[in-house]
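Q: I have a structure open and would like to learn how to read its features one at a time. Could you walk me through it?

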Amino acid sequence: MTVREFYEYLNRQIPPELSLDGDCDGISCSADPDREVKRVLIALDVNSAVIDEAIEEGCEVILTHHPMLWGGLREVVAGTPASDRVIRLIRSGITAMSFHTRLDVAEGGVNDILAGMLSLSEVSRFGEKGIGRIGRLESPLTAEMLALKVREALGAPFVEYSDTGRLIERVAVCGGSGGSVRKDAAEAGADAFLCGEIGYHTLADSNDTSMSILTAGHFYTENPVCGRLFGLTAEAGLTPVAVLSNRSGAV
C-alpha cells in the first residue's frame, strides 16, 4: 500500500465532507505520495519529538488528529519550528497526514469515544454537522462528583468546573476547544458540558446559568482518539506505532 492509497483508505473511513469549514487537515507534507507504507506512527500532534520517533521507528507516515500546518505556511526557511518540521519530513521521506474536525464528527471518533468513557446512554448528536454528543449519566451527580469521574476516566491531572448547584443528569461533550458549541450544548438540554478548554470568564459566568461547564485539557479530551487511528491503521494491514505527543505537564 502506498501513501496515496493509505490516505484514500482513511478518507473512506473518515470522509472529508464531514470536516467543518476552514479546516486544513489531510496530507500536510509528502515528498513521495507513491512511497510504500509499512509502518505508521500515531500521535495527537506532529512535533520534533514525534518526528524523531518516526525516524527511529522506521515509519513512512505520521498520522495525527491535529493538522501540522494549522493556519498555513507562507514560507519554508530553516530556523522556525514549522519550517524545520517540513524540512525534516521531506529529507527523511516521511509523510504527515491528519484527520481533524471530521474525526470529531465521525462515528467512533473523538466525541463518541468521550461519551463512551463517561458511560453515557441515549447518546445523540448536537452542533454543526453533529460534532458534539449528549447523553445521560448512569445516575445523577453533582458537578464535583462529575469532575472527579471525568478526571479518573481521562487520566487528566485536574479538571476545572463551574457549579450551578443542580444535580447533573444529561452531559454534552466536545473534545478540544469547546467555545463554538457551548450554546448548542445548552440548547440541546445539557445539565453539564465537558470540553478540553474554554475561556476563564465563560467558565466563571456559567455558575449563574442552567449548565455547568467542565474542562479537562485539550490533550486529555482528544488523545483517546489515537486508539481509533491505531485500529484503522492495523485494519489496513500496516504496523501502527503509538506515541504521546504532548510534552506539557501539570503539578
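Q: Let's start with a single residue. In which helix does Ser83 lie?

A: Happy to begin there, and please keep in mind that this is a predicted model. Ser83 belongs to helix α3, which runs over residues 81–92.

Q: Is Ser83 buried or exposed?

A: The value to look at is the relative accessible area, and buried means under 20%. Ser83 has a relative accessible area of 2%, so this serine counts as buried.

Q: Which residues does Ser83 touch, leaving out its neighbours up to four places away in sequence?

A: Its contacts are Leu73, Glu75, Val76, Val77 and Ala78.

Q: Now for charged pairs. How many salt bridges are there?

A: First the general idea: side chains of opposite charge can pair when their charged atoms come close. The cut-off used here is a side-chain nitrogen of Lys or Arg within 4 Å of a carboxyl oxygen of Asp or Glu. By this rule the count is seven salt bridges.

Q: With which residue does Arg39 form a salt bridge?

A: The partner of Arg39 is Glu57, and their closest N and O atoms are 2.9 Å apart. Arg39 sits in strand β2 (residues 39–43) and Glu57 in helix α2 (residues 48–57), so this pair ties together parts that are 18 residues apart in sequence. As for accessibility, Arg39 is partly exposed at 25%, and Glu57 is partly exposed at 29%.

Q: Let's turn to the backbone. What is the phi of Ser119, and where is this residue found?

A: Ser119 has a positive phi of about 55° although it is not a glycine. Its place is the loop between α5 (110–117) and β5, and at 35% relative accessibility it is partly exposed.

Q: And what about Lys129?

A: Lys129 is not a glycine either, yet its phi is positive, about 60°. This lysine lies in the loop between β5 and β6 and is partly exposed, with a relative accessible area of 39%.

Q: Finally, how do I read a whole helix? What does α6 reach from its first C-alpha to its last?

A: Helix α6 (residues 143–154) has twelve residues and reaches 16 Å, close to the 16 Å expected at 1.5 Å a residue.

Q: Which residues of α6 are buried?

A: They are Ala143, Leu146, Ala147, Val150 and Leu154. Around the axis they cover an arc of only 105°, which puts them on the same side of α6.

Q: What follows α6?

A: Gly155 comes next, and its phi is positive, near 70°.

How values were computed: Residues are numbered from 1 along each chain as its sequence is written. This is a predicted model: local features need pLDDT of at least 70, side-chain atom pairs count only at pLDDT 80 or more; totals for chains, interfaces and linings use all residues. Side-chain values use heavy atoms; hydrogens and water are left out. Helices (H or I, at least four residues) and strands (E, at least two) are DSSP runs, numbered from the N terminus. Buried means under 20% relative accessible area, exposed over 50%, partly exposed in between (1.4 Å probe, protein chains only). Contact means heavy atoms within 4.5 Å. The expected span of a helix is 1.5 Å times one less than its number of residues. The arc is that of the directions from the helix axis to the C-beta atoms.
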